Amino acid sequence: MRASINRPPTPDVDEEKRDEPTLQDIINIKLIESGEKENLKELLRERLIECGWRDELKAQCRALMRKRGRSNTTVDELVRNITPKGRAMVPDDIKAELLQRIQSFLMSVAL
Amino acid sequence: MGSGEVRYSSLAAGIFGDILDAVIVDVASEAHRAARLGFDRRLNTEEEEELRLSAQARAIVGESVANGDTSSKYTIDVFGQLHPAVASEIFECMNCGRPIVAGRFAPHLEKCMGKGRKARIRANANINLSQQRKVRSSPLPSYFPGGPTHTSVSSRTPPTQTSSLTPEDTQKSGLDPNDGTSEESHDDDDKGQRGRIQSGAWQVQTYL
């Protein structure tokens, strides 16, 4: 009996070592819960399709797969390869529009 | 306020990056899937060839437009194929089973499915025949769209809208307060016509 009384207390100690959910996390959760993240994603997708970004990126994927052989390339490789290109290719006005919307969401959440 | 906004902008940028990454992964996985499953025709043609092909296609369309060929009966598409103005392929109507020329399919469907006057009259006659076999002692409920109309079939011109069935219905039911009961469809002479219209309206209702 005494052994069990003396045993170290349960996870409380561990939990304090772990970080509190960061601001980023909280916002992310709020974003997802309200459904705004989906809306933003759809908006971004639509804009990028309209401006041809998606087609260009797909062409990049195809070029890569041609080089490395169709069955050899994995999704991971593709993603790793095209992500920097994709990020760079986003037109400024689309980026600005999305950022604007995100910021207004943040302000409406009233942190 | 100022520092708050700055904080927001870096947060916003982070979130934007997140969303963008997700979209990129979508593109990558779709391209990957298309290549692996063999959908993607463009995978095999090299880039220069692709540019050449698209320029070629554009040229084909461009020259036909520039030559004023667009007025001719044939339209020319990017592959260089000619298409006649009226589709000439023949297939079977799914309603009546007859072989129909594609270009004439729409008018055929109108007659076949009963938007047109003749089809409705024909349909009414069929309904009448089938009704005469059923027991008709109980009056039909009042949602049965109004009884026989006053106007005869010949004088009424059917409206030309394609969604015509509903306005026609309300017109008919509006004109007659009577219940569309079975007794009326008994007489055949001049009431017979009205009876037919009434049941035609009924039939039309069931379509909708």
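1. Searching the whole structure turns up 11 salt bridges over all chains, a salt bridge being a side-chain nitrogen of Lys or Arg within 4 Å of a carboxyl oxygen of Asp or Glu. Please keep in mind that this is a predicted model, where local features need pLDDT of at least 70, side-chain atom pairs count only at pLDDT 80 or more, and totals for chains, interfaces and linings use all residues. Residues are numbered from 1 along each chain as its sequence is written, chains are lettered from A and ligands numbered from 1 in the order in which they are written, and side-chain values use heavy atoms, without hydrogens and water.

2. Have a look at A:Glu97 and A:Arg47, whose closest N and O atoms are 3.0 Å apart in a salt bridge. A:Glu97 lies in helix H7 of chain A and A:Arg47 in helix H4 of chain A, 50 residues apart; helices here are DSSP runs (H or I, at least four residues), numbered from the N terminus.

3. The axes of H4(A) and H7(A), lines fitted to C-alpha atoms over the stretch in contact (heavy atoms within 4.5 Å), come within 10 Å and cross at roughly 170 degrees, on a scale from 0 to 180 degrees between N-to-C directions. The two helices are therefore roughly antiparallel (over 145 degrees).

4. Between chains, A:Arg87 in helix H6 of chain A pairs with B:Asp21 in helix H1 of chain B, with the closest N and O atoms of this salt bridge 3.0 Å apart.

Conventions:
Parallel < 35°, antiparallel > 145°, perpendicular 65-115°, else oblique.
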